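Biologist: I would like to learn how to read a structure like this one. Please show it to me, and then we can go through it feature by feature.

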Amino acid sequence: MKSFRKELHFNTKTRRAYINITDYVESALAESGIKEGLCLVNAMNITASVFINDNESGLHSDFERWLEKLAPEKPYEQYAHNGYEDNADAHLKRTVMGREVVVAVTDGKLDFGTWEQIFYGEFDGKRNKRVLVKIIGE
Ligand code: ZN
């Protein structure tokens, strides 16, 4: 069995962002040479997510408004976690959107369902963040 590890790095200009990282993951898969196996992609920070959904801008603005209703960024004082930091909403948004995805690798390709793409969800940006891609198989 082969094993491949790669980190992706992000530093978004805005506090929140949704970035399609499918091309990066496909490049990592090509680099790995693995044809059959599993590909794990996870955020390595607790205020960011990796999730799979549709690459449609209306949906991304829906995510943004929905998450702001569930866990509004402000007022900062509404959260017990805030004080030294002001990112309690980002921890909550990350929990809702998830930490990681696993995609089957079949015949050297990511074996997606219809319209599936992989996204990085940033909820506390303007700082260095990491995403792990780990691929196992043969
Ligand atoms: Zn925090």
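**Reading the features**

Modeller: Lys126 is located in the loop that lies between S7 and S8. Helices (H or I, at least four residues) and strands (E, at least two) are DSSP runs, numbered from the N terminus. This is a predicted model, in which local features need pLDDT of at least 70 and side-chain atom pairs count only at pLDDT 80 or more, while totals for chains, interfaces and linings use all residues. Residues are numbered from 1 along each chain as its sequence is written, and side-chain values use heavy atoms, with hydrogens and water left out.

Biologist: Is Lys126 buried or exposed?

Modeller: Buried means under 20% relative accessible area, exposed over 50%, and partly exposed in between (1.4 Å probe, protein chains only). Lys126 is exposed because its relative accessible area is 57%. Its phi is positive, about 65 degrees, although Lys126 is not a glycine.

Biologist: What does Thr12 touch?

Modeller: Contact means heavy atoms within 4.5 Å. Leaving aside residues up to four places away in sequence, Thr12 touches Ala17, Ile19, Glu122, Gly125 and Lys126. Thr12 sits in the loop between S1 and strand S2 (17-20), and with a relative accessible area of 9% it is buried.

Biologist: Which way do the side chains of S5 point?

Modeller: In a regular strand the side chains alternate between the two faces of the sheet. In strand S5 (residues 100-106), Val101, Val103 and Val105 point to one face and are buried.

Biologist: How many bridges link S3 and S5?

Modeller: Strand S3 (residues 37-43) pairs with S5 in the antiparallel sense over six bridges. Cys39 has Val103 as its bridge partner in S5, and Leu38 stands opposite Ala104. On to the next pair: S5 and strand S6 (residues 109-110) are antiparallel over two bridges, with Thr106 opposite Lys109. Their hairpin has two residues between the strands, and Asp107 takes a positive phi near 55 degrees there.

Biologist: Which residues are the protein donors of the zinc ion?

Modeller: Donors are N, O and S atoms within 2.8 Å of the metal (3.2 Å for Na, K and Ca); water is not among the atoms, so sites may look incomplete. The protein donors of the zinc ion are His81 (NE2), Glu85 (OE), Asn87 (OD1) and His91 (NE2), at 2.0 to 2.4 Å.

Biologist: Why is the arrangement irregular?

Modeller: Four donors count as tetrahedral if all angles lie between 85 and 135 degrees; four count as square planar and six as octahedral if opposite donors are over 155 degrees apart and all others between 65 and 115; anything else is irregular. The four donor atoms around the zinc ion subtend angles of 92 to 152 degrees, so the arrangement is irregular.

Definitions and conventions
Two strands pair if DSSP finds at least two bridges between them.
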